[in-house]
Amino acid sequence: MSGGQEGSDRFRERTLPLTTVRWLLAPRWQWRTRRLRAAHGPTLAYEAAWCLVALADDVDNLPYVRRRTRPVPSAPAGVMVDVWAQLDPGEQQRRRAWLTRHNRTPLHMLGVPEELIELAGLHVTEWALPPDVPSISLVVQQRPRPRRTD
């Protein structure tokens, strides 16, 4: 009987989109990814946000994240800062409101050190701060990285 073979061929043909598979396997990561993208804005790609959330969850996810990232030859991996003066007034106002409420950028709140982002091969654009806001660093070395114990 070839019924088993036929069924497995149909299964291979019906592949789920990657985002659907991620929702099924890790809904908390998906939720955090969407929140990070909504808070950070359009300069953070979905794949980069997902990888950042994975790294924030556990540093041991680094090998998986490195396999997921695609190198961009024209830009080195790491964190680049955008230019405040080049942002439209609506985005400037949105960022000011966020910084007033949270005192840190969404990337800084995530707590992934810049060195880890660079090691993972991610290209991330961090917020430039308004001229009147005291400088905060993305390099989150001032607090120890908690180790997951569950």
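In these legends, Ala, Val, Leu, Ile, Met, Phe, Trp, Tyr, Cys and Pro count as nonpolar, Asp, Glu, Lys and Arg count as charged, and the others, Gly among them, count as polar. The views that follow show a predicted model.

**View 1. The largest pocket and its lining.** The largest pocket has a volume of about 290 Å³. Its lining consists of W31, R32, R35, L36, A39, V53, W98, H102, P106, M109 and L110. Two or more residues of this lining come from each of α3 (27-40), α6 (89-102) and α7 (106-110). Helix α3 gives the most to the lining of the largest pocket, with five residues. Sorted by class, the lining of the largest pocket comprises eight nonpolar residues, one polar residue and two charged residues.

**View 2. The second largest pocket and its lining.** A volume of about 160 Å³ is found for the second largest pocket. The residues that line the second largest pocket are A45, E47, A48, C51, R68, T69, R70, V72, G121, L122 and H123. Here helix α4 (residues 46-57) gives the most to the lining, with three residues. By class, five residues of the lining of the second largest pocket are nonpolar, three are polar and three are charged.

**View 3. The packing of α3 with α4.** Two packed helices are described by the angle between their axes and the distance between the axes. Helices α3 and α4 pack at an angle of about 120 degrees, and their axes lie 9 Å apart. Because of this angle, α3 is oblique to α4. The crossing in which α3 passes α4 is right-handed. On the α3 side, R28, W29, Q30, R32, T33, L36 and R37 take part in the contact, and they meet Y46, A49, W50, L52, V53, A54, A56 and D57 in α4. The residues of this contact of α3 with α4 divide into nine nonpolar, two polar and four charged. Two residues shown here, L36 of α3 and V53 of α4, are also among those that line the largest pocket.

**View 4. The packing of α3 with α6.** The angle at which α3 and α6 pack is about 120 degrees, with their axes 10 Å apart. The two helices α3 and α6 are therefore oblique to each other. In this contact, A38, A39 and H40 of α3 meet E91, R94 and W98 of α6. By class, the contact of α3 with α6 has three nonpolar residues, one polar residue and two charged residues.

Conventions. Residues numbered from 1 in each chain as written. Predicted model: local features only at pLDDT ≥ 70, side-chain atom pairs only at ≥ 80, totals over all residues. Heavy atoms only, no water. 1 Å grid on protein atoms, 1.4 Å probe; cavity = no way out; pocket = protein on both sides within 12 Å on 5 of 7 lines; lining within 4 Å. Points joined across faces, edges and corners; volume = space filled by probe spheres on them. Helix = DSSP H or I, 4+ residues; strand = E, 2+ residues; numbered from the N terminus. Axes fitted to C-alpha atoms, helices over the stretch in contact; angles between N-to-C directions. Parallel < 35°, antiparallel > 145°, perpendicular 65-115°, else oblique. Left-handed = near helix turned anticlockwise from the far one by under 90°. Contact = heavy atoms within 4.5 Å.
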